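Dear colleague,

Please find below the structure that I am handing over to you. A summary of the findings follows it.

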Amino acid sequence: MTHSANYTQKPRRAHRGPAHRIGRTLALVLPVMLVLSGTLAVTSVNWSGSSSDSMLTASADDLSVPAKSRAPQDVLRDRLLLELQEENPGVALTHLQREVNRHPSLARHCVSLAKALGRAAVRKYGPTRAQSYARPVCDTSFASGVAAAHQNG
């Protein structure tokens, strides 16, 4: 007894088009490229706020040591120094005052943070221009940092 098929089979495509191959390649390569470019960007940013030409590099040794949790004032200092480099000292001082108002526990670190901003401003702008950004944040500690950096520099 012969059974006749009541369906028609679609012919299979002999090959997939170039768009399919390109899509598959991108799906495999693009995530790797994004991860690598992000890693390289993070390791090449000068996070210290100093104007030295040294570059941070990641190594396998660093991965074996558990990461220490950073104190809030250290995180804030790094962020403010980055703002100073990307914007100007006025922006960083405004954000310092805002963060101290938001988190009163940072008030005891305000003087050291403002002095660090003053020293960084002298490195970037020179003493005269850096002093022009001074304002009464943390009892004029920014101006003290500018003066100290000018005397030592």
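**Findings**

The structure holds 1 aromatic pair (rings of Phe, Tyr and Trp, the last by its six-membered ring, pair if their centres lie within 6.5 Å; planes under 30 degrees apart count as stacked, over 60 as edge-to-face and the rest as tilted). The ring centres of Y125 and Y133 are 5.5 Å apart and the planes stand at 45°, so this pair is tilted. Y125 and Y133 are both buried (under 20% relative accessible area, with exposed over 50% and partly exposed in between, using a 1.4 Å probe and protein chains only).

This is a predicted model, in which local features need pLDDT of at least 70 and side-chain atom pairs count only at pLDDT 80 or more, while totals for chains, interfaces and linings use all residues. Residues are numbered from 1 along each chain as its sequence is written, and side-chain values use heavy atoms, leaving out hydrogens and water.

The protein has 7 helices and 0 strands (DSSP runs numbered from the N terminus: H or I of at least four residues for helices, E of at least two for strands). Of its 153 residues, 25% count as buried.

Helix α5 covers residues 110-125 and spans 22 Å from first C-alpha to last, close to the 22 Å expected at 1.5 Å a residue (1.5 Å times one less than the number of residues). Its buried residues include C110, L113, G118 and Y125. Among the elements covering the buried residues of α5 are α3 (72-86) and α7 (141-152). G126 follows α5 and has a positive phi, near 85°.

Methods. Contact = heavy atoms within 4.5 Å.
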